[in-house]
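Dear colleague,

My notes on it follow directly after.

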Amino acid sequence: MDRIPILKMGEYLLVTVQVDMHDRLAMTLQEDLADRIVKARARAVLIDISALEVVDSFIGRMLGTIAAIARVLDAETVVVGMRPAVAITLVELGLALPGVRTALNVEKGMEILRRSLGKSEGNGAEASVQPADVDAQG
Amino acid sequence: MPVASKSADLIQKYEAEILQDWVQAQMAAVTSRPDLMQKAELQEQSRVLLQSLTQALRSKADVADIKGPAWQEVRDFLGSISESRARQGFSPSETATFVFSLKEPVFGRLQRELAKDGPALAAEMWALTVLLDKLGLYTTEVFQKGREEVIARQQRNMLELSTPVVELWEGILALPLIGTLDSERTQLVMEALLTRIVETGASIAIIDITGVPTVDTLVAQHLLKTVAAARLMGADCLISGIRPQIAQTIVHLGVELGDVTSKATLAGALAVALQRSGLAITRSPQRPA
């Protein structure tokens with residue numbers, strides 16, 4: 001496989017990484033994703049890496065870059081399904097991915113995206129998914 | 001290969017007398033511990049050691065090599081003595097002195113027997129000194145090894161004991177940390193926490209550091225690492241149980257906890273966690289009697 005498929009679902013783009021990422025593949029994904037966000041007018045990107053067993057510093061940085069690119073194109077990014085071992089590796093590598101939102105699984109990731117899109121549009125119906133206002137307190 | 005064959009014959013010849021002198025000397029010595037060991041037991045131990053020593057010496061075993069098979073019996077016996085004495089409360093030097101004190105009675109006999117043969121006397125004494133010193137040190141070694149095993153076992157137990165992850169509420173985990181955080185423990189704590197996050201699908205984890213004695217820059221770094229790893233798994237972390245003293249240390253050291261929410265008590269952190277999950281605890285209008 002020389003391309004990772006990007007699925008469009010309404011305003012969302014879904015990327016499920018099913019194979020071990022090598023650097024070339026990661027670069028291709030980054031370019032494809034930038035293109036698709038613009039073409040599809042996507043508001044949010046969800047990247048599922050639950051199948052990734054090994055993440056090196058390059059892939060870690062690439063995830064951060066993708067999130068930054070998406071942000072520039074006015075789209076939210078959430079990375080979901082990271083394995084414990086991968087999380088520990090990234091932290092030990094010093095890559096805590098500060099600019100990337102994360103969630104445990106696809107379901108929770110979608111919830112985060114739905115909530116943040118709903119909020120930015122001032123949509124009361126969307127916000128009622130989660131009654132508590134998360135960002136309003138410290 | 002230095003041997004002490006003359007001593008072997010001599011010890012065998014005067015075994016009873018040497019044993020008697022030896023036991024008496026041990027009882028009279030300042031290192032004697034009549035509170036820990038009866039005379040009968042001491043006599044028995046001395047007798048067995050003397051016998052196995054004689055046997056090894058008679059087989060012309062090399063006195064410089066107590067690791068050899070000829071000394072197996074002596075080593076085993078000394079090992080068991082060292083262990084049992086350590087349990088009884090003897091110090092390692094007291095146990096070693098037990099072996100060293102054999103020199104006096106044996107050397108006394110040697111001197112009388114070989115009074116006319118100076119070089120032979122010197123050779124025998126040298127051989128026996130080498131042997132007894134090594135055997136004495138061997139008891140210390142066994143003692144030390146026993147101690148090290150105990151320490152290693154306790155360390156393992158502590159690591160196992162110290163990483164419980166408890167589910168406080170649906171979607172809320174708590175990680176009560178007790179003791180100092182080093183990198184090895186951080187690794188274990190992190191693994192345990194992340195595994196539980198996957199198992200329970202929790203979105204909030206409370207790290208309670210009430211039991212952490214001091215928070216220096218290194219410990220703070222380890223804490224933040226755990227927080228970062230949990231965040232990568234999609235779980236927010238709160239830090240609770242910061243005692244007044246620790247708060248002062250953190251500020252004085254200039255430790256930056258970043259944007260991690262910290263609370264003084266676990267109760268406070270739980271309240272925040274419940275609020276973030278959209279839950280609230282209310283007082284029931286009718287209190288149970």
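Leu117(A) lies in helix 4 (residues 106-120) of chain A; helices here are DSSP runs of H or I of at least four residues, numbered from the N terminus. The model is a predicted one, in which local features need pLDDT of at least 70 and side-chain atom pairs count only at pLDDT 80 or more, while totals for chains, interfaces and linings use all residues. Residues are numbered from 1 along each chain as its sequence is written, and chains are lettered from A and ligands numbered from 1 in the order in which they are written.

Apart from neighbours within four places in sequence, Leu117(A) is in contact with Glu11(A), Arg43(A), Ala44(A) and Glu76(A), contact meaning C-beta atoms within 7 Å. Leu117(A) and Glu11(A) are separated by 106 residues in sequence, but their C-alpha atoms are 9.6 Å apart.

Between the chains, the contact takes 19 residues from chain A and 21 residues from chain B. Helix 8 (183-200) of chain B provides six residues, the largest share of the side of chain B that touches chain A. That side has nine nonpolar, eight polar and four charged residues. In this count, Ala, Val, Leu, Ile, Met, Phe, Trp, Tyr, Cys and Pro are nonpolar, Asp, Glu, Lys and Arg are charged, and the others, Gly among them, are polar.

One helix pair spans the two chains. The axes of helix 3 (residues 84-92) of chain A and helix 9 (residues 217-232) of chain B come within 9 Å and cross at roughly 135°; axes are lines fitted to C-alpha atoms over the stretch in contact, with angles from 0 to 180 degrees between N-to-C directions. Helix 3 of chain A is therefore oblique to helix 9 of chain B, as the angle is neither under 35 degrees (roughly parallel), over 145 (roughly antiparallel) nor 65 to 115 (roughly perpendicular). Ala87(A), Ile88(A), Leu90(A) and Val91(A) meet Lys225(B), Ala228(B), Ala229(B) and Leu232(B) there.

The largest nonpolar core has 74 residues, and Val45(A), Ala205(B) and Ile206(B) have the most contacts inside it. Such a core is a set of buried Ala, Val, Leu, Ile, Met, Phe, Trp, Tyr and Cys residues joined through C-beta atoms within 7 Å.

Yours sincerely

Key: Contact = placed C-beta atoms within 7 Å. Buried ≥ 20, exposed ≤ 12 C-beta atoms within 10 Å, placed from the backbone.
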